[in-house]
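Have the viewer open as you read.

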Amino acid sequence: MTVPTGQCCAPIAREPLAEDTAAELAVMLKAVADPVRLRLLSMIGSHAGGEACVCDLTGTFDLTAPTISHHLKVLRTAGLIDGERRGTWVYYRIVPEAVNKLGALFAPLTESALGPVPRPAAGRTELELLPA
């Protein structure tokens, strides 16, 4: 689900998501909704060479190796990362197509197609209700 060039807005604002697409995306969103998994995904994606050994990931967290393995399994099951065993260690890398699906889902809306995007007035941070 990529946003074709020239489209006005993100898929979520362009048309209702199909049930199967929403279910697929929900699994990915649930996987990254955990701070540890989000950090793991970021660490893997930003690691030199585009992949990280599990041995490079475990020392960063105050968690047991089995807990880190569980989080990596959730990311892998969601299709966000892939892994390859090399000897004793597993090396993980991001699956670009999956991560791009998440990014495309919330791509910024353009002002040209929907009119100006409402912005709060200077100094206002909350919406105000108008009297009935």
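Start with H3 and H5, which are roughly perpendicular to each other (that label covers angles of 65 to 115 degrees; under 35 counts as roughly parallel, over 145 as roughly antiparallel and the rest as oblique). Their axes cross at roughly 75 degrees and come within 10 Å. Those axes are lines fitted to C-alpha atoms, for helices over the stretch in contact, with angles running from 0 to 180 degrees between N-to-C directions. On the H3 side, the contact is made by Val36, Arg37, Leu40, Leu41 and Ile44, and H5 brings Ile68, His70, His71, Leu72, Val74 and Leu75; contact here means heavy atoms within 4.5 Å. Sorted by type, the residues of this contact are eight nonpolar, two polar and one charged (Ala, Val, Leu, Ile, Met, Phe, Trp, Tyr, Cys and Pro count as nonpolar, Asp, Glu, Lys and Arg as charged, and the others, Gly among them, as polar).

A quick word on ground rules: this is a predicted model, where local features need pLDDT of at least 70 and side-chain atom pairs count only at pLDDT 80 or more, while totals for chains, interfaces and linings use all residues. Residues are numbered from 1 along each chain as its sequence is written, and side-chain values use heavy atoms, with hydrogens and water left out.

Stay on H5 for a moment, where His71 is found. Is His71 buried or exposed? With a relative accessibility of 9%, His71 counts as buried (under 20% relative accessible area; exposed is over 50% and partly exposed in between, with a 1.4 Å probe and protein chains only). Ignoring neighbours within four places in sequence, His71 is in contact with Asp34, Val36, Arg37, Leu40 and Leu63. Ser69 also lies in helix H5, but Ser69 is partly exposed at 41%.

Now for the inside. The largest nonpolar core has 24 residues, and Leu72 and Leu80 have the most contacts within it (such a core is a set of buried Ala, Val, Leu, Ile, Met, Phe, Trp, Tyr and Cys residues joined through side-chain atoms within 4.5 Å). Two or more residues each come from H2, H3, H4, H5, E3 and H6, and H3 supplies the largest share, five residues. Beyond residues up to four places away in sequence, Leu72 touches Leu40, Ile44, Val54, Leu57, Ile81 and Tyr92.

H2 and H6 pack at about 95 degrees, with axes 11 Å apart, which makes H2 roughly perpendicular to H6. Glu24, Leu25, Met28, Leu29 and Val32 of H2 meet Ala98, Lys101, Leu102 and Leu105 of H6. That contact divides into seven nonpolar, no polar and two charged residues.

Finally, zoom out. The chain has seven helices and three strands (DSSP runs, H or I of at least four residues for helices and E of at least two for strands, numbered from the N terminus), in the order α-α-α-β-α-α-β-β-α-α. Of its 132 residues, 24% are buried. As for cysteines, Cys53 is buried at 1% relative accessibility, whereas Cys55 is partly exposed at 34%. The whole structure has zero disulfides (pairs of cysteine sulfur atoms within 2.5 Å).
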